[in-house]
Amino acid sequence: MSDEPFVVVENVAKHFPVRGFFGRRTAPVKAVDGLSFQIPRGRTFGLVGESGCGKTTIAMLLVKLLAPTAGHIRFDGTDLAGLKGPAIKEFRRRVQIVFQDPYGSLDPRQPMLKALIEPLATLNVVANRARAVDRAVESIELVGLDRELLKRLPHELSGGQRQRLVIARALAVGPRFVILDEPTASVDVSIQAQILSLLAALKAQQELTYLLISHNLVVVRYMSDVVAVMYLGRIVEMADAAELFTRPLHPYSSALISAIPIPDPDARTITALAKGDVPSPVNTPAGCRYHPRCPYAERVCTEQEPPLTELTPGHHAACHFPGIAAGVLG
Amino acid sequence: MATVVDREIVLAVEDLCVELSIGGTWVQALNDVSVTIRRGEVLGLVGESGSGKSLTALSIAGLLPDNARVIAGSIRLNGDEVLGKSEQALNRLRARSVALVFQNPTSYLNPVLTVGDQIAEIFELNPELLDDGHARAPRSRRERRREAWRKTIEALRLVRIPDPAAVVARYPFELSGGMQQRVVIAMALVREPDLIIADEITTALDVTVQAQILSLLAELRRSIGMTLLLITHDLGIVAQLADRVAVMYSGSVVESSDVSSLFKAPKHPYAKALLETVPTIHGDHTVFRPIPGAMPALTDPPPGCRFHPRCPDVLPACSTVAPEPLAVARDHIVACHLHGTPRR
């Protein structure tokens, strides 16, 4: 225990080497490139961005499935890099992850009961099998599923049931910090609403801390206390959720917000503020990484990368002209 | 858009029933589906996975898979019955009258042909497209090729592809997902079809690229007045683009009306509930209400109204009698016992 925030990410970078012809090393993919944020205990931190921005790499780094190329990640005061042996098991009991595709994270030939018991056994959460079965039943009922489903195979469940099951599996070991990587990307809207309500209820009930990763701004807005917008491996804006969505300062955040099709036929506001596509993270543009897509880019944007700066209390943005796109959002 | 109601009907699907073979038994997948689209109109067909949106689209294009069969109903395109047409006639239909754009553009582009070659191929197969009506039809092969090339570049420009003269020489893999989708849209537009069917065309794209494609569609809708069947699970997209909307649930159209009536005063409990599942950002708080339960499996549909096990306003009749579609206002049809008893 310490006074510092529950989860601390400090100047973290993760570069993946790319092997070219004859295995020669070429420029690395900078999936995450100098990222810092903190998550206080009991809060939900939302991370939004488009494909290739490094969202999932951050998730993998936080659960120690990948090691950072540079920087430090501390969980409850302990640096992840120093974890060894039993300390890793202890860490895995306290930090869990729910991936996007529940079908891909379940063994197709493994009945649900086995899928739930396995982590309990590997992480020495329970003393014996009988206790493990009890815990599996407890956690499946916690997510609103019938215990009958424990006998079934993954393909015998609906998409919503599978997603609930992987949530149950993550929670069965009693974690304190849960990373949700696109938890509703593979389900329909009516099921999405069920899963989000469930996640919100579980968080309150079990006093969890969440990192929510999503490309869906509406989902992030609904679930999060603080939101960070990522673009090509960097955070370009970070603020309280309400503040970020009502007063975005970075043109990319404005582009994301104005891209949401609002379900109101009288507000036909959809505008494409970002030009072109997300460039490859192999050749990140010089200067501000967003400048080739930014309708407001000036010369300085092509030359100097703007640092993430706290512009108003708690509201950080990395832009040479913060607030320039403010007028376009109604 | 008030006059749209009086325009000629391009597509009329009436009481379409389609069965699917699942594990050797035939189950009903579409029940009496009726939709109409008038010229220049965008109809949003909305529903969750398994509701029958795509099956409806495939039926219209005569592209039903082998494990599906039409058992009743009619599909008329410009008054001409599609059902029962020969494969040859269907090919003709798909070449000129109906164009389809799907979710994943890579599966519909030929990887070994350049963008220009695959668009020009459309002109080769349909030489009448080169005939502008007023001008002299290009006669020599060379003249035709040159004209096809010119029209190809024009089409790429129409879908806002930057530097179209360079893009024609590229292969699909050299383009991003958003650019590929624009190429597929261009290929649909050059055929000057009576109807374009767009099935979840932005689902695989990033949000900012989706916004580009949606604003392109909005622009094309104004500039060339295309007739579009827009299939999506996203109510936001329907609200942004459609003139009229049909909501599907478990193989039936439960409500259809003009877009503003449906979004302001939905009548069917499922349409109402579906609107409430979408959290909105604008406004003070983000509230939404999930619909309990899940859509029934086609193999085991509940008796009566298929939504009744999840419906908050269920009546005794709902579990025994399937409600028939009934007009509650002009061009506003609801299939629900709460809104009157059927006339038939």
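**Helix packing and sheet arrangement in a predicted model**

The axes of H5(A) (residues 159–172) and H6(A) (residues 189–206) come within 10 Å and cross at roughly 15°. The contact is made on the H5(A) side by Gly160(A), Gln163(A), Arg164(A), Ile167(A) and Leu171(A), and on the H6(A) side by Ile191(A), Gln194(A), Ile195(A), Leu198(A), Leu199(A) and Leu202(A). Contact means heavy atoms within 4.5 Å; helices (H or I, at least four residues) and strands (E, at least two) are DSSP runs numbered from the N terminus. Axes are lines fitted to C-alpha atoms, for helices over the stretch in contact, with angles from 0 to 180 degrees between N-to-C directions.

The model is predicted, with pLDDT of at least 70 needed for local features and 80 or more for side-chain atom pairs, while totals for chains, interfaces and linings use all residues, and side-chain values use heavy atoms without hydrogens or water. Residues are numbered from 1 along each chain as written, with chains lettered from A and ligands numbered from 1 in the order written.

H5(A) also packs against helix H3(A) (residues 112–122), the two axes coming within 8 Å and crossing at roughly 25°. H3(A) and H5(A) are therefore roughly parallel as well. In this pair, Met112(A), Ala115(A), Leu116(A), Pro119(A) and Leu120(A) of H3(A) meet Leu165(A), Ala168(A), Arg169(A) and Ala172(A) of H5(A).

Eight strands of chain A form an open sheet with mixed pairing, in the order E6-E7-E8-E3-E9-E10-E12-E11; strands pair if DSSP finds at least two bridges between them. Strand E6(A) (95–98) and strand E11(A) (309–312) stand at the edges and have a single partner strand each, so one side of each lacks a neighbour in the sheet. On average, and with direction ignored, neighbouring strands of this sheet are turned by 20° against each other.

Within the sheet, strand E3(A) (residues 44–48) is mostly covered, with five of its five residues buried (under 20% relative accessible area; exposed is over 50%, partly exposed in between; 1.4 Å probe, protein chains only). Side chains in a regular strand alternate between the two faces of the sheet. Both faces of E3(A) are covered: the buried residues are Thr44(A), Gly46(A) and Val48(A) on one side, and Phe45(A) and Leu47(A) on the other. E3(A) runs parallel to strand E8(A) (residues 209–214), to which five bridges join it, and Phe45(A) has Leu211(A) as its bridge partner in E8(A). The pairing of E3(A) with strand E9(A) (residues 226–231) is likewise parallel and comprises four bridges; there the bridge partner of Leu47(A) is Ala228(A).

Further along the sheet, strand E10(A) (residues 234–240) and strand E12(A) (residues 315–317) run antiparallel and are joined by two bridges. Met238(A) stands opposite His316(A) of E12(A).

Two helices of chain A lie across strands of the sheet. Helix H2(A) (residues 86–94) lies across E6(A) and strand E7(A) (177–181), at about 55° to E6(A). Helix H9(A) (residues 251–258) lies across E9(A) and E10(A), at about 105° to E9(A). H9(A) is largely enclosed by the rest of the structure, because eight of its eight residues are buried. The buried residues are Pro251(A), Tyr252(A), Ser253(A), Ser254(A), Ala255(A), Leu256(A), Ile257(A) and Ser258(A). In chain A, the buried residues of H9(A) pack against helix H7(A) (217–223), E9(A), E10(A) and helix H8(A) (241–246), and in chain B against helix H7(B) (207–223).

Ser256(B) is located in strand E10(B) (residues 252–258) and is buried, its relative accessible area being 9%. Apart from neighbours within four places in sequence, Ser256(B) contacts Val245(B), Ala246(B), Asp331(B), His332(B) and Ile333(B). Glu41(B) lies in the loop that separates strand E2(B) (25–38) from strand E3(B) (42–46). With a relative accessibility of 0%, Glu41(B) counts as buried. Between the C-alpha atoms of Glu41(B) and Ala155(B), which are 114 residues apart along the chain, the separation is 21 Å.

Notes: Parallel < 35°, antiparallel > 145°, perpendicular 65-115°, else oblique.
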